[in-house]
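Biologist: I am new to this structure. Please pick one part, look at it closely, and then tie it to the rest.

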Amino acid sequence: MRAQKRRISISLVTVFAVLIAFLSVSFAFSGCAESAYGGGKKDPPEQPDDPPIVAENNDYMNPIYPLHKGEKKPLYTADPYVIRGDDGKFYMYCTQTETYTDDNALVPTFKRGPVFVSDNCVDWTYTADVFANYVPDWGHKDAGVWAPTVVKVGDYYNYYYSYSGGNYDNPEIGIGVARSKTPYGPWTHYGKLFDSGEIGVVNSIDPHVLHDGGKLYMVFGSYGGLITLVELEADGLALKGGLEYQKENKVALAGYETYEMNNYEASIILKRNGKYYLFLSTGTTLSGTESTYHVVVATADSITGPYKDSSGRNMFGPNRGDYVITPSMSGAMGVGHMCLIEDDAGEIWMMYHGYDTQATSNKNWRVLYIDKLLWDENGLPSVEDKHASNHEQKPGPYLDKLEKPESQIGV
């Protein structure tokens, strides 16, 4: 009997010891969980965002030259503006230049309003001239067509252009308009929309037209004057309410009335996530590979401003704004006068001109570049390292038709 009690006592001690060990192990594991996730009361760390969608079938290498006989042919391509047509193709417009019009052309031909087309926003060929059947009959006798912009308005593509000649303060400098049912013509010309003297803005060039809130706006201006916003009629062929009304009600967004290279030009407005981004080019423009031209940005909660940089400064003085791209002797100098295009993955690409520092000829030509915009934690855009990529192969815009099976396009 005494031996039986002893065996029972030993058994209870063994069970108790096992129970203590189990509880100790459980406590140890629960302690690890508390250490990792805050006592088990907080969610695990958020998983990283999905990696960006990268094109696998659309590489590019800056600078971008149009094709002639299937090969890249250097071309003076200042002030580029690119849109995507309803046909899915990309169309590029630029300041007047000489270009090869087809593969049979032995020499380039002068075109006031060249139009280039591309399936992938990388490989471009000449397709048309906006001024094939029209020579502007207004403005300075030595005026040229500069810095066009194109926007779809209703069933038409409206083409706006600077017509500039003489000194920067010439009151005849102005902006004209044409339109077409396609991005490449034929074009109906409506002549002058307004000039500097009529609108009261010195150096009225570099138009950019955009829709916002059911209205159509134009932002324009350059060195010596103010970056200015006006409203257009619904068809985009006239100023809303007439010239005098817009002259009295125009809104200054940036700049100052001094002609110097720290002033601003080539304005572009982008609306993104409820915020307005005003892109501006500034710096010396025509000094070849010594040009300091670059792009800055400021933001606002309204299209009319006030636009401020990340330091809280308005844009009515020199050396303001946050850098988007800056010149680099290892890449490209004089980088600016940009436009924006969105790919099928929702990424925004900046197309602009620059001087190729590695060029073996024509180093003083402004030529076409493209780079993707990146967005920092404060929502401010810039290209990678704030410098142009140059002679470096990189993935280009993501386009469904190049990356997806036909059955998945649009899905």
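Modeller: Let me start with a term: a contact means heavy atoms within 4.5 Å. The model is predicted, so local features need pLDDT of at least 70 and side-chain atom pairs count only at pLDDT 80 or more, while totals for chains, interfaces and linings use all residues. Residues are numbered from 1 along each chain as its sequence is written, and side-chain values use heavy atoms, without hydrogens or water.

My pick is Tyr 159. Which residues does Tyr 159 touch, leaving aside those up to four places away in sequence? Tyr 93, Gly 113, Val 130 and Phe 131 are among them.

Now the wider setting. A nonpolar core is a set of buried Ala, Val, Leu, Ile, Met, Phe, Trp, Tyr and Cys residues joined through side-chain atoms within 4.5 Å. Buried means under 20% relative accessible area, exposed over 50%, and partly exposed in between, with a 1.4 Å probe and protein chains only. The largest such core has 61 residues. Tyr 159 is one of those that touch the most other members, together with Val 82, Trp 124, Phe 279, Leu 340, Met 350 and Met 351. Strand β22 (residues 332-342) contributes the most, with six residues. A second core of 19 residues is separate, and its members include Leu 210, Ala 254, Leu 280 and Ile 303.

Step back to the chain. It has four helices and 27 strands. Both are DSSP runs numbered from the N terminus: H or I for helices, at least four residues, and E for strands, at least two. Of its 411 residues, 50% count as buried. Among contacts with a separation of 6 or more, 55% join residues 24 or more positions apart.

Next, some strands. Two strands pair if DSSP finds at least two bridges between them. β8 (residues 114-118) meets β9 through four bridges, and Val 115 faces Ala 128 of β9.

The loop between β8 and β9 holds Cys 121. Phi of Cys 121 is positive, near 70 degrees. Cys 121 is also buried, at 1% relative accessible area. Most residues other than glycine have a negative phi, and most peptide bonds are trans.

How enclosed is strand β18 (residues 265-272)? Six of its eight residues are buried, so the rest of the structure largely encloses it. Six bridges pair β18 with β19 (residues 275-282), antiparallel. Ile 269 has Leu 278 as its bridge partner in β19. Two residues lie between the strands of this hairpin, where Asn 273 takes a positive phi near 55 degrees.

Finally, two cis peptide bonds. Asn 62 and Pro 63 share one, with omega about -5 degrees. Pro 63 sits in the loop between β1 (59-61) and β2 (67-68). Gly 305 and Pro 306 share another, with omega about 5 degrees.
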